[in-house]
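Open your viewer and get ready to select residues.

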Amino acid sequence: MPRRVLHTDLEVITGEQTTEDYLKMQKRIGRFYLKGFLRLIAEKGKAGRFLEIGPGPGYQTAKVAERNPKSEIVAVELSPDMIAVAQSYMKQRGFSDRVRFVQGAVEDEELIKELGKFDLIYSSFSLHHWKNPVKGFQNLHRALNEDGVLLIYDLERHWLTYYLPIRRGIVESIRSSYTPKELSAMMAELNIQNYQVQRHFPYFSVSVRNR
Ligand SMILES: C[S@@+](CC[C@H](N)C(=O)[O-])C[C@H]1O[C@@H](n2cnc3c(N)ncnc32)[C@H](O)[C@@H]1O
């Protein structure tokens, strides 16, 4: 398997134009690239308190809020510019009263602890940006309610897509992503047992149920 290449400039996506453009991209193609992720969330059948990590401008946040009218969502996002776009999008979609954005990192133990416990914790296409995924998973696992579910969805680092001559940015995201095997190793390191890693090529997911 080709090695992981860290893509540090992708860590925080900032700039008013870039974040507005990201939302435009999501509105254009979100129904395709987020379809499998949103289906998995629906399959989990959870309701109540949700925590999202790395929502970006919030296209999928609005979808989750729309499909789960009784749920409250707290979304932790590193980029203040993304939060500004996401907040205005939530207002436009009428979800501001149920979706709260918090600026910060998944690795920040105190922050995640302060937010309380959740029935569903989810994230799409953010994992490959995390500086310390093991710490992130540890924080999120501890924030699960009894029978709570964690669902992390991302690109898979796969040799087929690793070498594809596609747009910069996407290739770099693929190269900085993880393999299912690396995710299993992280779960083992944290002694998390109730997990499932599933391939949905070119994506993959890891889900954990707290029992
Ligand atoms: C590629 S975007 C994904 C946006 C959206 N979830 C989607 O599916 O398109 C990754 C987002 O994760 C955020 N992010 C990166 N590292 C993070 C971290 N350690 N904690 C919280 N958010 C993070 C970035 O700022 C960015 O908005």
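Select D147 to begin. D147 is exposed, because there are 10 other C-beta atoms within 10 Å, and a residue counts as exposed at 12 or fewer. Remember that you are looking at a predicted model. Now colour strand β5, residues 144–155: D147 sits in this strand. Check the backbone angle there. The phi of D147 is positive, about 70 degrees, yet D147 is not a glycine.

Next, select F125. Find β4 (118–124) and α6 (133–142); F125 lies in the loop between them. Its phi is positive too, near 55 degrees, and F125 is not a glycine either. Is F125 buried or exposed, or something in between? F125 counts as partly exposed, because it has 19 C-beta neighbours inside 10 Å, and a buried residue needs 20 or more.

Move on to P202. Look in the loop between β6 (195–200) and β7 (203–209), where P202 is placed. Show the bond that joins F201 and P202. This peptide bond is cis, with omega about 10 degrees. Most peptide bonds are trans.

Last stop: the ligand. Show the residues around the ligand; there are 22. Which of them come nearest? They are G54, G56, S124, S126 and H129. Now colour the shell by residue type. You will find 11 nonpolar, 8 polar and 3 charged residues.

Conventions: Residues numbered from 1 in each chain as written. Predicted model: local features only at pLDDT ≥ 70, side-chain atom pairs only at ≥ 80, totals over all residues. Near = placed C-beta within 6 Å. Nonpolar A, V, L, I, M, F, W, Y, C, P; charged D, E, K, R; others polar. Helix = DSSP H or I, 4+ residues; strand = E, 2+ residues; numbered from the N terminus.
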